[in-house]
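The sequence and structure are shown below.

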Amino acid sequence: MYGGGNIFEPSNHNDVLNEDPVKLQEFEARIERGEKIEPSDWMPKLYRKQLIRMIEQHAHSEIIGALPEGTWITRAPGFKRKLALMAKVQDEVGHAQLLYSAAETLGKSREDMISDLINGKSKYSNIFNYPAYTWADSCFISWLVDAGAIVNQVANSKGSYGPYCRALERICIEESFHLKYGHHCVIHLATGTPKQRQMMQEAVDRWWAPMMHFFGPSDKISVHTEILMKWKVKMASNDDCRQQFLDMYVPKIWELGLTVPDTNLKKNEETGMWEFTEPDWEEFKRVINGDGPCNEERLAVRRMAEERGQWVRNALKSADMKYVTPLA
Ligand code: BYC
C-alpha cells in the first residue's frame, strides 16, 4: 500500500489509477532501464507532484539551514574559521537556488514556493528548528548534519529525474568540503581543553535526537517511501540512510572520546544493523508541523528577507529591457 495507517497524513496515491495505462507502463519501463526522465518527457501526475514536494522541501531546508550556522559567522573563533563558515553558508544558499531551479522545471514557480515557505504551508528539514546555542552546535551541523545530508543525496543523485540528480551531484561535491571543515572543527574541540570537550559533548547531546529524526520516519510509518522508491526518486529508504549514517559516523564520534546520548545504541554483529532507542516521532511531527523551538524565528527571518528584497525584484521587473545589450 502507498501510505496510510500511521501518524502522518497519507497523500492521495489514487492519481496513478487515472493515468493512461500504456504511457504509465512505458514510463515505468524507462525507469526500470535506468533512463533519466527529463522535464519535457511524459510523467504521471503523481510523479510530478511528489518531485515538486520533495525538491521544494529540500530547497527550503538549504535556505533555512543556512540560518543556525549563519548566526555564528560573526562569532566564529578566528579569521580562518570565519572565512570558511562564510563560504559554507553561501554554498548552502547556492544549493537552494539549484534546487528551486530543478523544482521549477516541474511547473511550480519560485514565487509560489517561497510564498508557501513563509506562509508555513511547506515543510523543511526538522533539524533546523533547533537553536545553535554554542560554537560547538555550529560544528555539529557542519560535520554531522552535512554527513547525513550526503548519505541521502549521494544515493538520490543516482535517481530517475535528470534535473534533480544533476543538482544533487554538484551539491554533494560541495558538501564533501563542508564535511571536512566540520570534522576539523569537531576534532579541534574534542581534543582541546576540558571546557572545549565539554562544549562539544553537550552539542552532541542536544543534537542527537533531531539527527535521528533527520532521515525521516522509520520505513514502517513513512508515507511516501514506497512509491518514491518504485519510481527511483528515493534510492534508499529512510531506515537505510539512518543505518548508513550510524555505520559511518558513530565509530568516528567514539574515536574522539565523545559519547552518544542513547544507552541502547549498539551494532548487532549478527545482523550488521545498528540498534537504538526508537526516536520520538510525536516530537518530530510537532516540529515539522511548525511547533519546534525555532520555527517562528526561522520563518520570521525569511519573511524579513523577502520583504527587504522586494524592491530589487520590483526594479528588475520594471527595468527597461532596451538598455540590456544583447550578446553577439
Ligand atoms: N524534516 O513519507 P516520508 C542540509 C516529512 S539540507 C521535515 O518518509 P519522504 C543542510 C515528509 O516531508 C538537506 N519533514 O517522506 C543545509 C512527509 O510530510 P509531507 C536536507 C520531514 O519524502 C544547510 C512526512 O514527514 N535534506 O543538509 O519519503 C546547512 C512523511 O515522511 C522529514 C533533504 O531535504 C524531515 N527530516 O522522505 C547544513 C533531502 N522527514 O510532505 C546542512 C531530501 C520526513 O507528506 N528529502 N518529513 O507533508 C528527502 O530525501 C525525503 O523527503 C526525506 C523524507 C528522506 C526527508
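A polar contact is here a pair of N or O atoms within 3.5 Å. The model is predicted, and every distance given below is computed from it.

The side chain of His 224 places an N or O atom 2.6 Å from a ligand oxygen atom, and for Asn 152 the distance from a polar side-chain atom to an oxygen atom of the ligand is 2.7 Å. On its own the ligand has 1,000 Å² of accessible area, of which the protein covers 93%.

## The shell around the ligand

The ligand is surrounded by 37 residues, with Lys 123, Asn 152, His 224, Lys 234 and Asn 238 as the closest. By residue class, the shell consists of 14 nonpolar, 15 polar and 8 charged residues.

Several helices contribute at least two residues each to this shell, among them H3 (79-104), H5 (135-156) and H7 (194-214), while the largest share, 8 residues, comes from H2.

## Helices H11 and H12

Two packed helices are described by the angle between their axes and the distance between the axes. For H11 (residues 295-308) and H12 (residues 310-318), the axes come within 4 Å and cross at roughly 35 degrees. Glu 306, Glu 307 and Arg 308 of H11 make the contact with Gln 310, Trp 311 and Arg 313 of H12, and the residues involved divide into 1 nonpolar, 1 polar and 4 charged.

Terms used: Residues are numbered from 1 along each chain as its sequence is written. This is a predicted model: local features need pLDDT of at least 70, side-chain atom pairs count only at pLDDT 80 or more; totals for chains, interfaces and linings use all residues. Side-chain values use heavy atoms; hydrogens and water are left out. A residue is near a molecule or strand if one of its heavy atoms lies within 4 Å of it. A polar contact is a pair of N or O atoms within 3.5 Å; within protein, one must be able to donate a hydrogen and the other to accept it, and residues adjacent in sequence count only if both atoms are side-chain atoms. Accessible areas come from the Shrake-Rupley method with a 1.4 Å probe; for residues, only the protein chains shown count as cover. Ala, Val, Leu, Ile, Met, Phe, Trp, Tyr, Cys and Pro count as nonpolar, Asp, Glu, Lys and Arg as charged, and the others, Gly among them, as polar. Axes are lines fitted to C-alpha atoms, for helices over the stretch in contact, and angles run from 0 to 180 degrees between N-to-C directions. Contact means heavy atoms within 4.5 Å.
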